[in-house]
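Q: Can you go through the labels used for this structure and say what each one rests on?

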Amino acid sequence: MKTFILAAFAAAAFGQVPDHLTDVRQLTHGGQNAEAYWSPDGKRLVFQTTRPPYDCDQIFVMNADGSDQHLVSTGKGRTTCAYFLADNKHIVYASTHLAADACPTNPDRSKGYLWGVFSGYDIFLATDTGTIEKRLTDTPGYDAEATVNWKTGNIIYTSLASKDLDLWTMRSDGSAKKQLTKTAGYDGGPVFSRDGTKIVWRSNYPKTPAEMDRYKTLLAENLTAPMKMELMVANADGGNAHAITDFGCASFAPTFTPDGKKILFSSNKHNCDSRYFDLYMVNLDGTGLERVTNTGGFTSFPEFSPDGKSLVFCSDRNAKERYEFNIFTARWQ
């Protein structure tokens, strides 16, 4: 009975609408932890974290129960967006460590809430113990936000190789690079469906000359403004691209449900322009929108476990400081 009551309390704390999440468990405690993604066997998670002694994000691996949290990046520069390969022994992630040992300077928030698309970012292939085996990108400018399709072995990522923030694919050895998107504006955070036939990503395509001028001005300073993002779905080659949101707010961190029929994502559509984000689910044609959480805070970066039974996500629930974010898992139903 006690276990049931605790589980019910945890579920209520996350305000499911309706009851998709049960047995909510907090894996990290303190710091800024985000973008946790499963290993193919479902036994581990790779994630980015800012915690002492590091001044900006580094890549860590932990067991699925939160134990054995340890560094697997170099500890230098800034890192982002790590993902396991299908062999369960390698990861890819982006890092600025070749550009400088120190963290790149954070964006000037006097210009608004901005993301740094640091030119020093490149994507690296490493073992799950931290040995870098190969630099996969070397074009001038930003290369990051890589995820992997375990069925095809393809990597999809965001790059400035075209002089705009477009989606590209490549093999796990860095070969066969191909540009997928060409619309002026930001394309980022891409992921494949499990069968490798479709992709989903966040986008910001300026609609007016003034918006385009601001986008280009920020990009020249290695910056982008993330608070107006819509989600796009397309075939794996970039064809048949279409928007599935039109909220005029910030929607990001999309992932396919295991059956490939829906997209789970994070958005502040219920409180546009705010820092309050919850999880939503929608069909691939943009219909059937459903709110999944109602936390009153920030909840994002969801991903289903390989067996489809669990969800990992990031939230500021139980945070003791303003910018504390932790990794949680829950059973999905």
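A: Helices and strands here are DSSP runs, of at least four residues (H or I) for a helix and at least two (E) for a strand, numbered from the N terminus. The model is a predicted one. With those element names, β16 (198-204), α2 (209-220) and β18 (230-235) each supply at least two residues to the lining of the second largest pocket.

Q: What makes a residue part of the lining of that pocket, and which residues lie nearest its centre?
A: A lining residue has an atom within 4 Å of a point of the pocket. The second largest pocket has 22 such residues, and N204, Y205, P206, E211 and K228 lie nearest its centre. Its volume is about 470 Å³. The largest share of the lining, 5 residues, comes from α2.

Q: How does the lining of the second largest pocket divide into nonpolar, polar and charged residues?
A: The lining holds 11 nonpolar, 5 polar and 6 charged residues.

Q: Why is T257 called buried?
A: Buried means under 20% relative accessible area. T257 has 6%, so the label applies. T257 lies in the loop between β20 (251-256) and β21 (262-267). Apart from neighbours within four places in sequence, T257 is in contact with K262, M281 and F304.

Q: What makes S274 buried?
A: The relative accessible area of S274 is 13%, which is under 20%, so S274 is buried. S274 is in the loop between β21 and β22 (278-283). Beyond its neighbours within four places in sequence, S274 is in contact with M227 and N268.

Q: Why does N88 count as buried?
A: N88 has 17% relative accessibility, and the cut-off is under 20%, so N88 counts as buried. N88 is placed in the loop between β6 and β7 (90-95).

Q: How do you know that N88 is in contact with D128?
A: Contact means heavy atoms within 4.5 Å. By that criterion, and leaving aside neighbours within four places in sequence, N88 is in contact with S39, P40, D41, R44 and D128.

Q: Why is N240 called exposed?
A: Exposed means over 50% relative accessible area. N240 has 55%, so N240 counts as exposed. N240 lies in the loop between β18 and β19 (242-243), and has a positive phi of about 55° although it is not a glycine.

Q: Is E35 buried or exposed, and what is its phi?
A: E35 has a relative accessible area of 12%, under the 20% limit, so E35 is buried. Its phi is positive, about 50°, although E35 is not a glycine. E35 is found in strand β2 (residues 32-38).

Q: What makes β9 and β10 a pair?
A: Two strands pair if DSSP finds at least two bridges between them. Strand β9 (residues 122-127) is joined to β10 by 3 bridges, so the two strands pair, and they run antiparallel.

Q: Why are β6 and β10 said to stand at the edges?
A: The open sheet has 4 strands in the order β6-β7-β9-β10, with antiparallel pairing. β6 (79-84) and β10 (132-135) each have a single partner strand, so one side of each is without a neighbour in the sheet. Neighbouring strands of this sheet are turned by 25° against each other on average, direction ignored.

Technical notes. Residues are numbered from 1 along each chain as its sequence is written. This is a predicted model: local features need pLDDT of at least 70, side-chain atom pairs count only at pLDDT 80 or more; totals for chains, interfaces and linings use all residues. Side-chain values use heavy atoms; hydrogens and water are left out. Buried means under 20% relative accessible area, exposed over 50%, partly exposed in between (1.4 Å probe, protein chains only). On a 1 Å grid over the protein atoms alone, a cavity is a set of points where a 1.4 Å probe fits but cannot get out, and a pocket is an open set with protein on both sides within 12 Å along at least five of seven lines; lining residues have an atom within 4 Å of a point. Grid points are joined across faces, edges and corners, and a volume is the space filled by probe spheres set on the points. Ala, Val, Leu, Ile, Met, Phe, Trp, Tyr, Cys and Pro count as nonpolar, Asp, Glu, Lys and Arg as charged, and the others, Gly among them, as polar. Axes are lines fitted to C-alpha atoms, for helices over the stretch in contact, and angles run from 0 to 180 degrees between N-to-C directions.
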